[in-house]
Amino acid sequence: MYPDDFHYTKDHEWIQVKGDEATVGITDFAQSQMGDVVYVELPKVGDELDAHQTFGVVESVKAVSDVFSPVAGKVTQVNEGLNDDPEVLNKDPHSKGWIIKLKVKDKSELEELMSASEYEKYLEGLEE
Amino acid sequence: MKYNSLSQNDKKEMLKTIGISSPDKLFDSIPDDIKLKKDLNIPSALSEPETWDTFNELASKNSPETPLSFLGGGAYLHYIPAAVDYLSSRGEFVSPYTPYQAEVSQGTLHLIFEFQTMICQLTGMDISNASLYDGASGAAEAVLMSHRIQRKPKILIPKTLHPHYRQVIQTYTKNLGLEIQEVSYDESGQMDTSELKKKLDKETSAVVCQSPNFFGVIEDLEVISKLAHESDALSISVVAEASSLGILKSPGEMGADIVTGEAQSFGIPLSFGGPYLGFMSCRKDFLRQFPGRISGQTKDVDGKRGFVLTLSTREQHIRRERATSNICTNQALCMLRATIFLELLGKKGMREWAWQNIQKASYANKVLTDIKGVESRFSGQIYNEFVIKTEKKWRQIQEELKKKNIVPGISLEKYYPELKGCGLVCVTETRKKKDIDTLAEAFEDLLKS
Amino acid sequence: MIRERLIFEISDEGKKGFSFPKLDVPESKTVTENFPLRDEIKDFPQVSELEVVRHFTRLSQTNYCIDKGIYPLGSCTMKYNPKLNEKIAQIPSFLSSHPYSDQEMMQGNLKVLKTMEDLLAEVTGMDAFTSQPAAGAQGELVGMMLIRAYLEAKGDPRKFVFIPDSAHGTNPSSAHICGYKVKEIKSNQQGTVDLDDLEKNMNEDTAAIMITNPNTLGVFENQIKEVSDLVHSQGGLVYMDGANMNALMGICRPGDMGVDVMHLNLHKTFSTPHGGGGPGAGPVGVKSILEPYLPIPRVIKQNNHYLFHSDYPKSIGRIHGFYGNFLVVVKALAYVLSQGPDGLREVSETAVLNSNYIRKSLEKEFHLEYKTPTLHECVFSDKLQKKHQVSNLDIAKRLIDLGAHPPTMSFPLIVHGALMTEPTETESKADLDLFIQAMKQIAKEAEENPEVLKSAPHHSYVRRLDEATAARNPKLRWEP
C-alpha cells in the first residue's frame, strides 16, 4: 500500500526524493479520511518553504485540510492537473495525485520522517 | 398562551421512562448556587386575544395616519404584488431550517438558484450568493473580501455612499488594520474623481462606489472602475436602490469586480428598517473568497436534476476562523420575496418600473425647483431621489409640513454639516401626480410666508 | 410528481405577471439622454402570475418544514412558530414604518424595541441589551467587538480568545474578524471545558473565553463559575453563546454565572420562524461594564417617551443599516408576552424532558459518546452502526423516508459521526414516538439490511445528490 521509497509525516504527507528533487503529496489514508476531494490550492513555483510550513490546502465537500511541507525547499513545479481534475487525489494519491515538486535544501531533515512500515504502524495506532 | 403539546399523562409516562419522579431532577446537573430561586420578573402570560390587543395598542402609538411620505435614503416604498405576500407566507417556506438536508429542501435550494441567476443577470456578474443581512453589512463584507483578495491596507469609500453603510464598514474593519479613507463629492453630487485619483495608490485594495448614490445621483462607475483598475485596485459597486438595475447599465458592464447592495425594493416592506435583503455578486475568479451561502446544481443518483448548498468549505462551520465570513443564518425568506417579485415583474416590468421611478422623480424635481426659493443642490443625473435646498432649515420645513401630514424627505445636515437647508426627496412609482403636486403646493405656501 | 422546471425554462417573450398603471406625469423621453442605460436584461424571466403561483406552490411542496413534522436539529431549536406572531407582524403600522420616520411618530416601534431589550435582560440576568444584530453570528461579532473595545480602553486589547473544541464554527470565525487568535480548549471526559487545560493556558494575553452553555453536547458547563472566576482573575472576559438558551429559561441565568456578554437567537429560543435560512435576530446582552460600548443607535426611555440616542462616544458604532430585524423582534416580543414567567420556565422544562425521553428511549440502539446528563439536546453517534458500514449520513437520509427531519449531523466535531438531537418543547408525544420508532427501525435495518440505509432516501423528490460534482464543477446560475 505505502511505497517503501517514500518518507511520511504525521500529518499524512509523503515525500519521494530523487537526487536533489523531491515530490510531495498526501497519503492514501489522508485522501480516504477527506472523502471526495473537490479543490486543491497550490503554491507558486519559486516559493521557499520551511519544514512543516503550510503550502497548500486540500478541500473535500465537508472538510478543509492544510498540507505541510515535510522538509525545507524551493517549489520547482506544481501539479496543475489538479485544478481541473482534483479527484486524481482520491484515485491515485501516491503517483498521479502528487502536489508539488521541491528542490530539497537539507536532506538530513528526511531522517526525522517515518518509513513506510513506521507509517503503517502509526496508522494502526490512530485506528484504535 | 402555551404552545406545548404534552398532556399530564404524557409527562407522567415520559418521566417514568426516564426513571425520575419529577422534572426538577432533570436539572440536577446545574449547581444549586446558580439556580434561579424566584420567578422571572416579567409580565404574566397573555392569551391570544390579549396579546393581539397589546400589539394593536402598541402599533397605535405610531402615527395614527399614514403620512404622504417622500422618504428614501436606502429604504424605498414600492408597490408589492399580492402574490408575493400570498406565496411567501406558505408554511413550507416560512418554517424550514437552512437547507442542509438537500433531499427535503429542494424548494428552497431551487429558488435560491433562480435568485442567484437573476442577481447575476441584473448586476452583470458571474456568481451570486443566497443573501446577506442588508446593504450596509453587504458593503462591509465586500470591503473585507477585497482585502482578502488584494492584501493591501487602504480602502477608498466616497462620501456619497450611504452614511450608515460607511459607519458599518468602519465598525466591521476597525480591528483588522484597514485604513478607510473617504473621497469627497463635487458640484454634480458625484464622487470627486480628481480627489479619487490623488488618493488612489498601489496600497489601495478597492474603491467603493454607490450608484445611484446617497444623493440620488448616478455615478460614472465606468470611469471610477477604470481609475481603480489602473492602480490595481478592485471596483466595488454598491446598489442601495435595486430597482435602478432595471434600466441602468449593469455594474458588471461598467467594470465592477464585486457588486453588493440592498434589495429591499424587491418586494420587501419598509418594516422600520428590517428585515431587509443584502445581496452580493462577483466575477468568478473570486469564488473562493466569496462570503455567504450558495446553491449549486447537480444530479441525484437517478440522474435527476437537484440543487445543494455548495462550496461550503469557504464557510465558518468548516473553515472556522479562516472562513470568508462568519455569516450563517441570513435573510432567506426576504430572498424568497425578492425572487417572486422579480419573476412577476419580468423583463419588461423591470424596465417599466425603473422608467416610472425616473419619470416621477424627474417631474417632482422640476415642479419643486420651479418654486421660488427652492433650488437643486447638485447638477448630476438623478434616478428617483434628489437633493433640494431652501433658505429655511430642513427641520423647520419638516415640522411645518407635518401639520399637513406630509413628510418631505430626509434632512442631510446631520450627515453632511455643509449641506445646510438641504433635504433628500424620494419619489417612487407609488407617488401619484397629485401627491407630487400636493408636496409642491405645500412648499410654495411655506416659502411664500 | 411533477419535475418542477426552472422559471427561465418556462419563460417566453411578452408574458407578464404584473402590470403598472399608466404613467400619470408628463413623460420626458429626453431625461435619460445622458444616462448609462442598459440593453434589456438578457434572459430575464417572462411568465404569467398563474405560472409564478404554480411554480412556487410546487416548489414549496418539496420542502420539509416544522409545520409538517418533528425537526430535531440539535442547537437549532426548531420549535413551532405561533401563527399569532405572524399575524401581529403584519399589522400595517409596523409594516409601513419608514426607518427615517420622525421618532415622535414611531413611539410604538421604539417601545417594542425597548420592551424587548428590557425583558431579555431580565430573562438572562444581564444589565442591558441591543436588538440591532441581524442574526446570531452577527451578535457574536458584536459581542467580541465589545470585549475588544473594552480591553482597548483599558490599554491592551490582548491577543487570544479561548474557544472549547465543542464550539460552533461561528465562534472562531467571529473572534478572528475581531483581530483575535483562537486557542482551542479541550473538553474533559464529561464533555465540559477542561479547567486544567484552561488554567494552564490562561494568562494576561487572553482577552476572553467564548463558551456555549449548555454546550453543544447538551451538557451544562457545571464549572461555569470556576471558569469565569479564572478568566476574570486574569482580567479577561466571558462570552456566552446563547444558542442553547432554550434549556435555561426561568431555571438559571447567564448573568448570575459570571457571563459578561452573550447573544440570543430569537429564531431559536424565541420561536420566530427560521424562514429556510433567515431572517433571524441576534440581540446582545451585556453587564454594565460593557454597556458604554454597545452599538448605536440605542433606544432609551425618557419621561415616558422613547427615543433613539447615539451619543455614546465609546460605542463600537453601527452594525446594521438601520435598527436590526425589527419585525423579528416584534414576533419574539409577542412570544415572551404570551408565555409569561411560568410559560418560559415550562418551555425549558418541557424541552429538557422531551430530549431526555428521546435519549433514554434510544440509548440501547445508539451510542452516546458522553454519558454525562444532558439538558435540551443529546448527541448520539453512529459508532454501533459503523460496524455494519452504516454512517450517520445514511441514518439521516433514511429518517427522511420515515417521516422525520434528521438531527444535526457531524457536529460537534468532538463526537465522530454525531447525530445531535434536539426535539424542543413543542413536540407532542406522538411525534416524539414517531422519531424514536424510526430510529429504532433504522438501528434494526443497519443490522439486517444496511443497503436500504445506504441507498436512502427512497421516496423523496430527489434522492441522494452528488455534492462532489457540485463543488468540483460549480454550476451556480442558469444559463441558456
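Predicted model: local features only at pLDDT ≥ 70, side-chain atom pairs only at ≥ 80, totals over all residues.

Visitor: Ok, how many bridges join β2(B) to β8 of chain B?

Guide: Two bridges, and the strands run antiparallel, with β8 covering residues 278-282. Within that pair, B:Ile127 sits opposite B:Cys282.

Visitor: And what order do the strands of the open sheet in chain B take?

Guide: The seven strands go β2-β8-β7-β6-β5-β3-β4, with mixed pairing. At the edges are β2 (127-128) and β4 (179-183) of chain B, each pairing on one side only.

Visitor: Which helix lies across β2, β7 and β8 of chain B?

Guide: That's α5 of chain B, residues 106-123, at about 65° to β8(B). Helix α9 (residues 221-230) of chain B lies across β5 and β6 of chain B, at about 150° to β6(B).

Visitor: Switching to domains: how much area do domain 2 and domain 3 of chain B bury between them?

Guide: About 2500 Å², 64% of it on carbon and sulfur atoms. On the domain 2 side, B:Tyr76, B:Tyr383 and B:Tyr416 lose the most area to domain 3 of chain B, together 25% of what that side buries.

Visitor: What's the salt bridge count between those two?

Guide: One between domain 2 and domain 3 of chain B.

Visitor: Last one: is C:Thr269 buried or exposed?

Guide: C:Thr269 counts as buried because its relative accessibility is 0%. C:Thr269 lies in the loop between β6 and β7 of chain C, and its contacts beyond four places in sequence include C:Met245 and C:Tyr335.

Note on methods. Residues numbered from 1 in each chain as written. Chains lettered and ligands numbered in written order. Heavy atoms only, no water. Helix = DSSP H or I, 4+ residues; strand = E, 2+ residues; numbered from the N terminus. Buried < 20%, exposed > 50% of the residue type's maximum accessible area, 1.4 Å probe, protein only. Contact = heavy atoms within 4.5 Å. Pairing = 2+ DSSP bridges. Axes fitted to C-alpha atoms, helices over the stretch in contact; angles between N-to-C directions. Buried area = accessible area lost by both parts, 1.4 Å probe. Salt bridge = Lys/Arg side-chain N within 4 Å of Asp/Glu carboxyl O.
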